[in-house]
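Here's a quick briefing to read alongside the model. Have the sequence and the 3D view open as you go.

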Amino acid sequence: LNESPVYARMKASGNTSKAPLTEAFLRWGNLRIVLVALFGAVVGQAVVWYTGQFYALFFLEKTLKVDGMTANVLIAIAL
């Protein structure tokens, strides 16, 4: 794979990071972006995911009157 032209120019001029993990996670500005992404985007996805799974289980058991064990097995297979 070839590096992108932007990275190649940064590397040639010596602008690459010496400690990328430290810069990403121990500087408040960068850590703030990581935390916003983690708790902003991922939490929303988790809510949608778990709501869908528990609603499907509830629907199978209460509306379609599927046995609880069978409903759990069906959800596990679907997952």
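This is a predicted model: local features need pLDDT of at least 70, side-chain atom pairs count only at pLDDT 80 or more; totals for chains, interfaces and linings use all residues.

Residues are numbered from 1 along each chain as its sequence is written, and side-chain values use heavy atoms, with hydrogens and water left out.

**Helix H3 against helix H4**

- Helix H3 spans residues 28-63 and helix H4 spans residues 68-78; helices here are DSSP runs (H or I, at least four residues), numbered from the N terminus.
- The two pack at an angle of about 145 degrees, with their axes 9 Å apart; axes are lines fitted to C-alpha atoms over the stretch in contact, and angles run from 0 to 180 degrees between N-to-C directions.
- The crossing of H3 and H4 is right-handed, a label used if the near helix is turned clockwise from the far one by less than a right angle.
- On the H3 side, Gln 53, Ala 56, Leu 57, Leu 60 and Glu 61 do the meeting, and on the H4 side their partners are Gly 68, Ala 71, Asn 72, Leu 74 and Ile 75 (contact means heavy atoms within 4.5 Å).
- By class, that contact has 6 nonpolar, 3 polar and 1 charged residues; Ala, Val, Leu, Ile, Met, Phe, Trp, Tyr, Cys and Pro count as nonpolar, Asp, Glu, Lys and Arg as charged, and the others, Gly among them, as polar.

- A search of the whole structure turns up 2 aromatic pairs (ring centres of Phe, Tyr or Trp, the last by its six-membered ring, within 6.5 Å).
- One of them is Tyr 50 with Phe 54, at 6.3 Å centre to centre and 25 degrees between the planes, and the pair counts as stacked (planes under 30 degrees apart).
- Both residues sit in helix H3, 4 residues apart, or about one turn of the helix.
- Tyr 50 is partly exposed at 48% relative accessible area, while Phe 54 is exposed at 55%; exposed means over 50%, buried under 20%, and partly exposed in between (1.4 Å probe, protein chains only).

**The loop residue Lys 65**

- Lys 65 is found in the loop between H3 and H4, and its relative accessible area of 67% makes it exposed.
- Phi of Lys 65 is near 55 degrees, a positive value in a residue other than glycine.

- Glu 23 lies in helix H2, residues 20-25, and is partly exposed at 28%.
- Leaving aside residues up to four places away in sequence, Glu 23 touches Ser 17, Lys 18 and Asn 30.
- The side chains of Glu 23 and Ser 17 make a polar contact at 2.9 Å (a pair of N or O atoms within 3.5 Å, one able to donate a hydrogen and the other to accept it; residues adjacent in sequence count only if both atoms are side-chain atoms).
- Thr 22 also lies in helix H2 and is partly exposed at 42%.

**Distances across the model**

- Thr 22 and Leu 57, 35 residues apart in sequence, are 43 Å apart C-alpha to C-alpha.

Technical notes. Rings of Phe, Tyr and Trp (its six-membered ring) pair if their centres lie within 6.5 Å; planes under 30 degrees apart count as stacked, over 60 as edge-to-face and the rest as tilted.
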